Amino acid sequence: MLLESFFTVLADFATSPAMLGLVGLGAILGLVLGAIPGISSTMALAILMPVTFTMEPGVAILFLISVFMSSVYGGSISAILMKLPGTPASIFTQIDGYPMAQSGRAGHALNYALVASTVGGMVGLALLVVLAPVLADFATNFRSPEFAAVALFGIVMLSFASNGSTLVASVVGFVGILLGMVGFDALTDAQRMTMNQPMLQSGLNLIPVIIGLFGLGEILQNLVRFGDAPTARPAIGKVMLPIAELARRWKVMLRGSVIGTFIGAIPAAGSAVAVSIAYAQERRLSKEPETFGTGHPDGLVAPEAANSASVGGSLIPLIALGVPGDTITAVLMGALMVHGLTPGPLLFANDPTFVSWIYVSVLLALVATLVLGLGMIRAAVLVTRIPPQLMYVFIAVFCVIGAFAIRNDMNDVYVMIAFGVVGFVFSRIGLPVTPLAFGLILGPILEENLRRSLMISQGSWKIFIDRPISATLLGVCVLLVALPLITALLHRLQGSLAGKKSENIPKNYPGE
Amino acid sequence: MTPPIEGSARKTFAAGLFFLLLAGAGWLLLRHSITLFSGNQMPGDPGPFFLSQLCLTILALAGVLLLVFGGWSWARETRTHRHTEAMVNTVREWSLSAGFVLTLLAMPAAMRLLGTPAAVALFSIGWIYVLLVSISGHSWRNLIEATAFGAATAVFIHLFFVRLLTLPLPV
C-alpha cells in the first residue's frame, strides 16, 4: 500500500517540471546557505520557512526538505574549505577535510563528502521507509500516559545529548516547557502568564521563536567574533575522483550510514552524537589510525555519511511518534504544524500519501544535492567568499520580514528579536539553546497528556507506572538525569581510592 | 568540583542568577493569572497551573544551586586585575550585537513610518558600513559598497516579498 503510494507520488513528481524545479531551487538555496560560514542547516530552514507560507502544505514540505538535505552537505563545504563548521556535526568533517583542502585536494575532499553524504542519505531513507511504519504501528497502542512519557523522554534525551551538564540542559528544557504554557489553557480556559496582552493569549508562536533562537541568535553570536575568521583560501585542485577510489570506501560509508541512522533515530540524540561515534569507530577500525586528523579520506567519509544518514534517522521518531529527532526536525515539525499537519502514528493511517510524499521529497532532495553539488563544487568556493557583513545584514532583514510574514503581525517581529537575544545570551553564558526549543514544542504535548492521564485515573499517578511503556520510558528518564550524578560520585570515590593507593605513580601518561 | 557550565564559575553564577530571575518573574506572572482563574476543573485534573508551578520550582531550585555553587567557586578563584580587562573586552565584544538589536527593535516602527524598502535600505546601508568600518576603517569605497548592497537588499525585499509573495508589508 505504502510502496504503491510511494511509486505513484514518485511518478507524479518526476513528470512535474514545477516540482522538480522547486526541488532544484531548494537544493541550491540549501547548498548556498549551508556553505556560508555561520549559517547552520537549522538556521537555513528557519529563515526560509516563511517563504513557504503561501504554498500548499505538500509543496512547502518538498521545498523545505530539499533545503534541509542539501544544507547538511552545504555545511561541510565551509568546514572543508575554511575550517568553519556551520553545525556541530560538521566539526568532524573539518578534522580531516580541512587538511585535505590545505594540501591542494579540496576538490577531492568535497567530492568524497558529497558522495558519502548521498550514500548516507539513501541508507537513512531506506531505513526510514522500513522502520517508521513499524514504529508507528506500535505507537497506535499509545494513550495519554505513553504520549506524556514520550514527550518527557524527548526533552530528557536532548538534555542528555547536549554538550555540557545534563542537569543544566534539563532545566533549560523546563524553561521551554514553561514558555509553552503561556496563553489560554485548552482544558479550562484559564489565562496563563499573559499579562492580559492579547498577543500572548494564543501562546507564543513557534516560528518567530525558532527564527529568533537559531537565526538572529547566531548572527548576534557571530558579530561578537566578527573579523576573527581565517582569510586564507585554499586552491580547489582536481574535483573528480576515480570511481574505484570511491567504491573502495563502500564499507566506511555503509558503517557511517548505519550508525548515523540508528543514533539519529533516538529522539534528540542528534547528528552531532552520530558523527562523533562514526568517526571514533572508523578510527578504531583503521589500520592507520595515526593518520586520522591529517587528511585521511576515511576520517571525512565516515562522519559525512553518518551526518546525512542521521537525517533519515531523525525523521523516524518525527513521522512515527510526532517527536522530533533533533533541532532541525524540530523546526521541520514547526513547519508541518504551521501547515496544519500533525506528525505521529495517525499520519500513517489517515494520510499515507503524505508519508510517501515526505519519502519521495527526501529521495529527490538527495538526487538534486548530488547533481547540483557536483556541478557547484567550483562555485562553492565563491559562496564561501561572500563577505560576512553582507550575509549577516541580509539574513537579519530576512528574519524580520519572515517573522512578520507568519501572521502579518509586527508583534511577532518583537518576539523574534526577544528570542534572538535569548539565544545570544544563552550562548554567551554557556546554556544550550536546543532544549528550550524542544521544551516549547513538547511542553504542550506533555501537559495535555499528563492532565488527561490524571483525569482518567482520577488523580492517581500510578497510571504512569502501571502501563509498561510509560513506566519504562519514565525509568529511563530518571536514569538519564541521575546518571551524571552517579558517575560523578563514582569518579570521586575512585579518585580518592586511587589517590591513596598510588602516591608514587607518575601522573602523566605516555604520549600526553 | 568543577562548575557545571563550561567549567566556568562566572558562567555558572550568571546562569544561576538568570534562572532565579526567570523563576521570580514567572511566579509574579503566574500569581496574577491564578487570581483571574475561576477554578472550574475536572476531577483528577491537577489544574492549569500545575506544570507551570512545577517548572518554576525546578527553575528556582536550580537557580539557587547554580548561584551558590558558582559564587563559591568564583570566590575561590584568585582575583587579579585581569578581571577589569576581561570586562572591558566583554563590553567591546557585545557592543556590536547590542547595537544590532537596538536598530532591529526600531525596524518595525521605521517600516510603518518610512515603508519597508526605505527601512530595509537604511538598516542595511548603516550596518554594512559599520561592519566594513570595523574591519578596514572609514573610506569612501566602504560607503559606496554599503550603499550599493543596502539598496540592492531593499530592492530584493520589495520585489520578492511585496510584489511576488504579495505580503502586506508597509510600503
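**Architecture and interface of chains A and B**

From the N terminus on, the elements of chain B follow the order α-α-α-α-α, and the chain accordingly holds five helices and zero strands, where helices (H or I, at least four residues) and strands (E, at least two) are DSSP runs numbered from the N terminus. The structure is a predicted model, in which local features need pLDDT of at least 70 and side-chain atom pairs count only at pLDDT 80 or more, while totals for chains, interfaces and linings use all residues. Residues are numbered from 1 along each chain as its sequence is written, chains are lettered from A and ligands numbered from 1 in the order in which they are written, and side-chain values use heavy atoms, with hydrogens and water left out.

Chain B has an average pLDDT (the predictor's confidence in each residue, from 0 to 100) of 87, and 95% of the residues score at least 70. Among the elements of chain B, the lowest mean pLDDT, 85, belongs to helix H3 (residues 82–114), and the highest, 93, to helix H4 (residues 116–136). Of the 171 residues in chain B, 36% are buried, a class defined by under 20% relative accessible area, as against exposed at over 50% and partly exposed in between (1.4 Å probe, protein chains only). In chain A, which has 512 residues, 61% count as buried, and the secondary structure comprises 22 helices and two strands. With contact taken as heavy atoms within 4.5 Å, residues at least 24 apart in sequence make up 60% of the chain B contacts between residues at least 6 apart; in chain A, residues 24 or more positions apart account for 78% of the contacts with a separation of 6 or more.

Between the two chains, 61 residues of chain A are in contact with 70 residues of chain B. The area buried between them, that is, the accessible area (1.4 Å probe) that two parts lose on being put together, summed over both, is about 5,800 Å², and carbon and sulfur atoms give 82% of this area. Val393(A), Ile401(A) and Met410(A) supply 10% of the area that chain A buries against chain B, more than any other three residues.

The interface contains one salt bridge, defined as a side-chain nitrogen of Lys or Arg within 4 Å of a carboxyl oxygen of Asp or Glu; this pairs Asp45(B) with Arg451(A), whose closest N and O atoms are 2.8 Å apart. Several elements of chain A each supply at least two residues of the side that touches chain B, among them helix H7 (166–180), strand E2 (191–192) and helix H20 (434–456), while H18(A) gives the most, with twelve residues.

Two residues of chain B illustrate local surroundings. Ser73(B), located in helix H2 (residues 50–76), is buried, with a relative accessible area of 10%, and, leaving aside its neighbours within four places in sequence, Ser73(B) is in contact with Pro3(B) and Ala9(B). Asn142(B), in helix H5 (residues 140–164), is likewise buried, at 4% relative accessibility. The side chains of Asn142(B) and Ser136(B) are joined by a polar contact of 3.2 Å, the term denoting a pair of N or O atoms within 3.5 Å, of which, within protein, one must be able to donate a hydrogen and the other to accept it, residues adjacent in sequence counting only if both atoms are side-chain atoms.
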